Amino acid sequence: MTITRRQLLESAAAASALAALSDFSPLFDAFAQSPAADKWTKSVCRYCGTGCGLYVGTKGGKVVAVQGDKDNHNAGFLCLKGALLPQIMNAPDRLQHPLIRKNGKLVQASWDEAMTLVASKFKEAIGTHGPDSVAFYGSGQGLTEETYVANKLFKAGIGTNNVEGNPRLCMASAAAGYITTFGKDEPMGLYEDVDYADVFFIIGSNTAEAHPIIFQRVVRRKEAKKGTKVIVLDPRRTPTSRIADLHITFTPGTDLAILNSMAHVLISEKMLDEQFIKDHLVFGEGAEANKAWEDFKAHVANFTPEKAALISGCRAEDIVTAARWFGEAGKNTMSMWCMGLNQRTKGVWANNLVHNLHLITGKIGLPGSTPFSLTGQPNACGGVRDGGALSHQLPYGRLVANEKHRAEMEKLWNVPAGTISARPGPATIDMFRALEDGKIKAMYIMCTNPGQSLPNVDRYRKAMLRTDNFVVVAEAFHPTRTSELADVVLPAALWAEKEGVYGCAERRYQLLDQSVQPIGEARPDFEILCDLGRRLGHGGVVNFKTPTDIWNEILPLTKGTVYDFTGMTRERLRSSHGMLWPVPNEKHPGTKRRYARGDDPLVPLDHQTRMKFYGRPDGKAVVWIRPYKPAEEIVDTEYPYWLTTGRIIEHWHTSTMTKNVKELVQAIEAMAEIHPRDAEKLGISTGDKVRLTSRRGSGVFRAKVVDEKSRPGLVFVHMHDHNRMSNVLTIDAVDPVSKQPEFKICSIRIEKA
Amino acid sequence: MMSSRTLAVCLTAALLLSAGISTGAQPKRKSPTKKAAEAKVVRDTHPEIDLTGATECRDCHRIVTSEIHEQWFESKHGINNVLCVTCHGGFDNFVKSPPPTRCAACHAAQTDSLSTPFMKGKTCFTCHEPHQLIPHPQVPKPDPGVPENTNTKGGAQ
């Protein structure tokens with residue numbers, strides 16, 4: 001939707017009046033945002049999974065400004081990254097032409113030369129070693145249509161399930177947590193629940209920096225409703241803790257004991273919803289729902305607050321307080337978590353344990369009561385999780401391993417029976433190990449940066465550098481820490497240069513309309529993929545001319561699934577400010593709370609109980625018995641400090657975009673954040689160089705001595721810095737169910753450098 | 001027009017800075033050099049400070065302009081981490097007093113209103129103390145309470 005809603009001539013007049021004041025006169029040139037946009041196009045922020053609506057202001061074919069969409073969930077607000085988006089579009093490191101590696105150097109090439117080479121290498125690998133010798137690695141940054149084309153080309157065209165992406169590193173445990181507990185992926189609540197919550201249980205999330213606009217909504221709620229409680233569980237002291245009424249720090253990885261202990265307190269103090277338990281819940285251990293309520297009670301009876309406090313190094317009374325606030329009758333409780341729970345070798349269990357608390361107290365499916373997973377990437381939910389673009393999935397809740405699902409997709413995709421391989425592909429870490437082993441000969445990496453974002457990254461950088469394999473990177477920027485390793489780099493259109501759908505953390509799908517032409521020779525990713533498909537002889541499978549063609553093909557795939565958004569037509573997306581699925585017909589307004597009778601169109605209005613967890617055949621949710629197990633790697637005498645990684649507000653992911661913003665680049669340096677007590681012991685002051693060494697790698701960082709209230713023994717390094725990569729240190733051990741790596745916890749030693 | 005308070009605050013900051021106050025292990029003082037003279041805005045503002053290795057304005061400003069920092073920290077911008085750079089720019093495009101265009105990404109309705117005749121010649125900071133930026137008083141909204149859990153037509157748009 002393009003509008004000329006703001007005639008900013010008057011503002012410009014005001015601006016020149018200001019400029020007449022000597023104090024202001026030199027200022028205007030210093031600003032990237034000109035007030036004089038002449039066209040405004042509705043879109044969505046490019047960065048995190050919050051999915052803030054905004055308008056892109058253009059002038060003379062350039063993006064010159066953005067303004068928050070006041071009719072969207074973000075009420076017109078943007079975080080500082082979003083507000084500064086225009087600067088990324090014409091950054092000096094935007095890639096404008098294809099590049100091919102010749103004699104070890106990446107040199108400019110024509111599109112035809114580059115695509116001919118890519119197609120010949122893929123054909124050669126498939127012809128000699130079979131379809132499983134090629135792979136696709138995408139991300140939750142790609143548009144839904146783009147990810148869909150890649151998924152279809154590889155699974156229904158080439159015939160391999162070697163399709164993975166950054167969501168495996170980001171939220172696979174959250175997805176598996178929802179699936180194991182509720183039968184189907186994705187949250188049942190929405191951002192609006194923040195406005196009704198009395199208690200916020202924030203665990204493993206620095207919401208203030210990673211999801212600032214959601215944090216702002218929590219702040220607003222706390223200001224509006226006296227007595228609102230915020231509980232933060234995080235070993236670090238972050239800006240999120242500033243609004244906490246209770247901040248519990250603990251030994252990294254021991255939150256499983258704390259969560260089990262909270263269930264113990266809720267049971268022993270009878271803060272339960274017995275009717276909800278009777279109506280809606282079953283109990284399980286391992287992978288089977290074969291236990292009873294009594295078994296669960298017996299299990300958590302082992303986790304007295306005193307015992308959990310001993311394991312986790314926090315105070316028993318804090319666990320009791322957290323549980324009492326969480327469970328207080330008549331109060332709404334909303335949990336929010338992110339990578340702190342997901343990037344763990346016990347990430348799925350940690351997710352299950354949070355769901356347990358909501359289920360036994362019945363604090364779910366009501367306004368303000370919900371277990372809500374926050375999302376890192378703008379379209380991880382919409383494009384990859386929902387679209388089924390991981391190696392074990394097919395679109396919209398279907399699974400590769402399920403013969404019926406494969407047959408259904410083959411029919412919908414109009415390809416011969418047996419086209420889709422019955423063999424699930426390897427998950428991300430195993431996929432890069434297959435590249436390392438030489439089993440994967442050619443890999444297509446789109447819109448992400450594994451050369452910086454993988455754990456134990458140096459190992460996989462070597463795999464990408466192998467001269468006997470072929471790595472293609474489709475990217476808007478060059479060099480990145482991945483494109484520098486590539487054999488071919490293809491210039492991709494960026495954000496406002498293309499059109500497509502993003503689906504954010506709350507099941508809200510939104511259309512990003514195109515506002516400007518792609519820079520140089522850059523092309524939208526879907527076009528590049530369709531071109532590759534044609535060259536590989538699969539033109540019929542990916543015969544798309546526009547993103548709308550793709551969207552129209554996607555809609556019917558959701559019919560009969562729990563995602564059903566067949567009513568979410570392109571026109572409705574264009575005229576709305578996002579819609580929340582399910583949207584089963586064109587009259588349907590969208591669904592606020594899933595599984596809730598009266599809200600969710602998939603729950604019959606005459607259903608006997610207030611919720612129906614229809615993701616499972618029995619319509620019930622599972623409360624899981626999950627033991628406490630520590631992190632994969634724990635501190636010892638050789639590596640006596642915990643390392644955790646994460647984000648800061650100024651940057652996003654691997655900073656390929658944000659490091660191009662003048663206001664943000666100064667914060668790019670990853671520093672080793674150390675507790676004052678440890679700093680004193682080691683004789684380190686802020687600014688000193690320190691060498692951090694793990695079992696996998698080593699790097700030199702400047703030290704920053706942080707708040708006393710953080711956890712002693714814990715070092716934090718952010719993940720954004722492309723020159724000082726925290727991931728040379730991190731561990732590539734994965735959760736056995738979700739296959740998500742444990743970025744959040746490993747052990748290191750510190751030396752003065 | 002800049003309020004007298006703003007001016008006073010800026011002057012205080014300038015005095016403190018020109019006095020070369022530097023703290024902790026943050027950016028070290030150095031004598032002005034040719035390099036500094038060639039550099040851009042912040043480097044011109046702070047010729048006495050070596051910004052190499054500096055990452056955040058507030059690392060120093062929480063000390064050298066503690067009053068301003070405190071006002072910001074306690075404001076809506078402070079609690080929501082609308083950092084110094086959001087309004088003032090970074091080391092390479094610093095400005096002392098942000099023009100209203102700088103506010104428009106989040107406060108478009110307010111900056112648009114500056115073009116009305118009543119607001120002629122005014123900026124955001126004519127009325128709002130910079131850094132505190134107390135919002136316009138609003139009609140208090142009733143507490144949403146707990147609504148019915150039957151949203152058949154509420155819509156999710």
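This is a predicted model: local features need pLDDT of at least 70, side-chain atom pairs count only at pLDDT 80 or more; totals for chains, interfaces and linings use all residues.

Reader: How far apart are the end C-alpha atoms of H10(A)?
Author: They are 20 Å apart. That agrees with what you'd expect, because 14 residues at 1.5 Å a residue should span 20 Å. The helix covers residues 255-268 of chain A.

Reader: And what happens just after H10(A)?
Author: There A:Lys270 takes a positive phi of about 55°.

Reader: Which other residues have a positive phi without being a glycine?
Author: A:Asn414 is one of them, with a phi of about 60°. Another is A:Asn456, at about 50°.

Reader: Where do they sit in chain A?
Author: A:Asn414 is in the loop between helix H18 (403-412) and helix H19 (428-437). For A:Asn456, look in the loop between helix H20 (450-453) and helix H21 (457-465).

Reader: OK, strands now. Why is strand S24 of chain A said to be largely enclosed?
Author: Because five of the five residues of S24(A), 621-625, are buried.

Reader: Which way do the residues of S24(A) point?
Author: A:Ala621, A:Val623 and A:Ile625 point one way, while A:Val622 and A:Trp624 point the other way. All of them are buried.

Reader: What does S24(A) pair with?
Author: With strand S12 (residues 281-285) of chain A, in the parallel sense, over five bridges. Within that pairing, A:Gly284 stands opposite A:Trp624.

Reader: What holds paired strands together, in general?
Author: Strands of a sheet pair through backbone hydrogen bonds, either parallel or antiparallel.

Reader: Where would I find antiparallel pairing here?
Author: One place is an open sheet of three strands in chain A, in the order S21-S22-S23. The edge strands are S21 (500-503) and S23 (579-580), each pairing on one side only. S21(A) and S22(A), residues 508-512, are joined by four bridges, and A:Tyr502 has A:Gln510 as its bridge partner.

Reader: What lies in the loop between helix H24 and S23 of chain A?
Author: A:Ser576 does. A:Ser576 is buried, with a relative accessible area of 3%. A polar atom of its side chain lies 3.2 Å from the backbone nitrogen of A:Gly578.

Reader: Switching topic: where are the cis peptide bonds?
Author: One joins A:His478 and A:Pro479, with omega about 0°. A:Pro479 is in the loop between strand S19 (470-475) and strand S20 (488-491) of chain A. Another runs from A:Trp581 to A:Pro582, with omega near 5°, and A:Pro582 lies in the loop between S23 and S24 of chain A.

Reader: Which element gives the most to the lining of the largest cavity?
Author: S25(A), with three residues. By type, the lining of the largest cavity has 15 nonpolar, 17 polar and six charged residues.

Reader: And how much space lies in the second largest pocket?
Author: About 1,100 Å³. There are 43 lining residues, and A:Arg237, A:Pro239, A:Lys704, B:Arg58 and B:Arg62 lie nearest the centre of the pocket.

Reader: Which elements supply at least two residues of that pocket's lining?
Author: Chain A brings strands S28 (698-705) and S29 (714-718), and chain B brings helices H4 (57-64), H5 (66-73) and H6 (76-79). The lining of the second largest pocket divides into 15 nonpolar, 13 polar and 15 charged residues.

Terms used. Residues are numbered from 1 along each chain as its sequence is written. Chains are lettered from A and ligands numbered from 1 in the order in which they are written. Side-chain values use heavy atoms; hydrogens and water are left out. On a 1 Å grid over the protein atoms alone, a cavity is a set of points where a 1.4 Å probe fits but cannot get out, and a pocket is an open set with protein on both sides within 12 Å along at least five of seven lines; lining residues have an atom within 4 Å of a point. Grid points are joined across faces, edges and corners, and a volume is the space filled by probe spheres set on the points. Ala, Val, Leu, Ile, Met, Phe, Trp, Tyr, Cys and Pro count as nonpolar, Asp, Glu, Lys and Arg as charged, and the others, Gly among them, as polar. Two strands pair if DSSP finds at least two bridges between them. The expected span of a helix is 1.5 Å times one less than its number of residues. Buried means under 20% relative accessible area, exposed over 50%, partly exposed in between (1.4 Å probe, protein chains only). A polar contact is a pair of N or O atoms within 3.5 Å; within protein, one must be able to donate a hydrogen and the other to accept it, and residues adjacent in sequence count only if both atoms are side-chain atoms.
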